Amino acid sequence: MNVEIIELGDRKAEFVVSDVMPAFVNSIRRCMLAEVPTIAIDYVNIYDNTSVLFDEQLALRMGLVPLTTDLDSYILPSKCDCDGEGCPRCQVSLTLSAEGPKIVYSTELVSSDPLVVAAEVVPIIKLTDGQRISLEAIAKPGVGHDHAKWQAGIACGYKNVPQIKITDECDACNMCVDTCPRGVLVANGDLIKVINEPSCSLCKLCESVCELEGAIIVGTRPDSFIFTSESDGSMSIVELVMRSIDEVKNKAKVLDEYLSIVD
Ligand SMILES: [Zn+2]
């Protein structure tokens, strides 16, 4: 397997994975979306709410605020010694008190753990003059498999690496150059040149506009994939990718153990 990084930021990564089966890259994608735990608000004690939102709506909005997640300090409630009762190893408390007129943002949540805070500035509610909210939110680790609020990976996907061939049949009429919406092709004298192959969306408009059969062939490399992924801010994209790969490894190990029992 080969990995080539195209773009790597704190929250976003794009890389090419080669010499692998589609099932392997898909398993990484699925683990990013559903298996890597993050911390999210799961329970809210509302002491005062004179805003326009019902308690349930307010709690729902709180749950969708991405929180920075320190997975070395917290474990899933289902795996905790407290049997899910709630303890400092499997939950964290955040409080929020505000009075209008103002817009209340997620960054006003006061956490009992400085490592678990709002990852994004999200507007929670608009309070008018005299309206108040006062609440305590209990955040717990969980997985996207159970609820989307625990999904660290957003916009995770992959496509086969495009492969565009210009054959000798081509008469350089330039129709494909003008049609391509991604600027993948350029006219170069009597030739058409492919300049930006990875950004091809495989729409095949160039093939359909071409009047000469077989002059341009758009295909893909079956064992190479361009993987794009983004984190919601609960952890860095590097941590998310590495933890997803660990999840795939653990699952493969468990499957291997089951199969050895069947043998
Ligand atoms: Zn616990």
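In strand 12 (residues 216-231), Gly219 is the bridge partner of Gln163. The two strands involved, strand 9 (residues 153-166) and strand 12, pair in the antiparallel sense over 12 bridges. Pairing is assigned where DSSP finds at least two bridges between two strands; helices (H or I, at least four residues) and strands (E, at least two) are DSSP runs, numbered from the N terminus. The model is a predicted one, in which local features need pLDDT of at least 70 and side-chain atom pairs count only at pLDDT 80 or more, while totals for chains, interfaces and linings use all residues. Residue numbers start from 1 along each chain as its sequence is written.

Strand 12 is also joined to strand 2 (residues 12-18), by seven bridges in the antiparallel sense, with Phe15 and Phe227 as bridge partners. These strands belong to an open sheet of four strands, ordered 1-2-12-9, with antiparallel pairing. Strand 1 (2-8) and strand 9 form the edges, each pairing on one side only. On average, neighbouring strands of this sheet are turned by 30° against each other, direction ignored. Six bridges connect strand 1 with strand 2, again antiparallel, and Glu4 has Val16 of strand 2 as its bridge partner. Helix 1 (residues 22-34) packs on the sheet, where it touches strand 2, strand 9 and strand 12, and its direction makes about 155° with that of strand 9. Contact requires C-beta atoms, placed from the backbone, to lie within 7 Å; axes are lines fitted to C-alpha atoms, for helices over the stretch in contact, and angles run from 0 to 180 degrees between N-to-C directions. Helix 5 (residues 237-262) lies across strand 2, strand 9 and strand 12, at about 110° to strand 12.

A further open sheet of four strands has the order 3-8-4-6 and antiparallel pairing. Its edge strands, each pairing on one side only, are strand 3 (38-49) and strand 6. Strand 3 is joined to strand 8 by 10 bridges, and Val44 stands opposite Ala137 in strand 8. Strand 8 (residues 132-142) runs antiparallel to strand 4 (residues 92-99), with eight bridges between them. Thr95 stands opposite Glu136 in strand 8 and has Val110 as its bridge partner in strand 6. Strand 4 and strand 6 (residues 110-111) pair over two bridges. Helix 2 (residues 55-63) lies across strand 3 and strand 8, at about 150° to strand 3.

By an automatic or database domain assignment, the protein is divided into domain 1 (2-34 + 155-228) and domain 2 (39-149). The centres of domain 1 and domain 2, taken over C-alpha atoms, are separated by 42 Å.

Methods
Two residues are in contact if their C-beta atoms, placed from the backbone, lie within 7 Å.
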